[in-house]
Amino acid sequence: MEERRKHSRWNIQHRHATLKKGMASCDVPLVDLSSGGMRIVLDEDIPVGSKIIGEFRVVPQRSPYFIQGSVTWTRSIPQEQKFEVGIEFNKINTIPSS
């Protein structure tokens with residue numbers, strides 16, 4: 001199988017991303033991360049093309065990275081009743097967007 005990834009991935013264990021949904025936010029497991037995007041796990045499916053706003057920390061004691069991105073793929077995890085979601089970063093910064 002041909003590798004389609006543009007960026008190297010880093011497995012991130014025991015890390016979470018915080019996604020914003022309207023006025024609420026939720027913490028989700030962060031599976032892996034690259035300079036171009038991340039893979040997370042959600043309890044519900046989300047449509048491809050959905051816009052994502054959130055933040056994550058690579059090192060807990062450091063400032064978070066703030067992201068804006070788009071869902072590029074989803075995959076069901078039937079045995080866990082969850083969904084893996086691939087997010088491509090459109091914008092990433094250490095300063096929150098207004």
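Reader: Which sense do β2 and β5 pair in, and over how many bridges?

Author: Two strands count as paired if DSSP finds at least two bridges between them. Here β2 and β5 pair in the antiparallel sense, over 3 bridges. Leucine 19 stands opposite glycine 54 in β5. This is a predicted model, in which local features need pLDDT of at least 70 and side-chain atom pairs count only at pLDDT 80 or more, while totals for chains, interfaces and linings use all residues. Residues are numbered from 1 along each chain as its sequence is written, and side-chain values use heavy atoms, with hydrogens and water left out.

Reader: What does β5 pair with on the β6 side, and in what sense?

Author: β5 and β6 pair in the antiparallel sense over 6 bridges.

Reader: How many strands and helices does the protein have?

Author: Strands (E, at least two residues) and helices (H or I, at least four) are DSSP runs, numbered from the N terminus. The protein has 7 strands and 0 helices, in the sequence pattern β-β-β-β-β-β-β.

Reader: Which residues of β5 are on its covered face, and which on the uncovered one?

Author: In a regular strand the side chains alternate between the two faces of the sheet. In β5 the covered face holds Ile52, Gly54 and Phe56, and the uncovered face holds Lys51, Ile53 and Glu55.

Reader: Which salt bridge does glutamate 55 form?

Author: A salt bridge is a side-chain nitrogen of Lys or Arg within 4 Å of a carboxyl oxygen of Asp or Glu. Glutamate 55 forms one with lysine 20, with the closest N and O atoms 3.6 Å apart. Glutamate 55 lies in strand β5 (residues 51-56) and lysine 20 in strand β2 (residues 16-21), so the pair ties together parts 35 residues apart in sequence.

Reader: Are these two residues buried, partly exposed or exposed?

Author: Buried means under 20% relative accessible area, exposed over 50%, and partly exposed in between (1.4 Å probe, protein chains only). Glutamate 55 is partly exposed at 22%, and lysine 20 is partly exposed at 42%.

Reader: How many salt bridges are there in the whole structure?

Author: The search finds 5. Among them is lysine 82 with aspartate 43, at 2.5 Å from N to O. Lysine 82 lies in strand β7 (residues 82-93) and aspartate 43 in the loop between β4 (37-42) and β5, so this pair ties together parts 39 residues apart in sequence. Lysine 82 is partly exposed at 27%, whereas aspartate 43 is exposed at 56%.

Reader: Which residues do salt bridges with shared partners join into one network?

Author: Start with arginine 75 and glutamate 84, whose closest N and O atoms are 3.0 Å apart. Arginine 75 is partly exposed at 43%, while glutamate 84 is buried at 14%. Salt bridges that share partners join Asp32, Arg39, Arg75 and Glu84 into one network.

Reader: Where is phenylalanine 66 found, and what is it in contact with?

Author: Contact means heavy atoms within 4.5 Å. Phenylalanine 66 is found in strand β6 (residues 65-77) and is buried at 18% relative accessible area. Leaving aside neighbours within four places in sequence, phenylalanine 66 is in contact with Gly54, Glu55, Lys91, Ile92, Asn93, Thr94, Ile95 and Pro96.

Reader: What share of the 98 residues is buried?

Author: Buried residues make up 34% of the 98.
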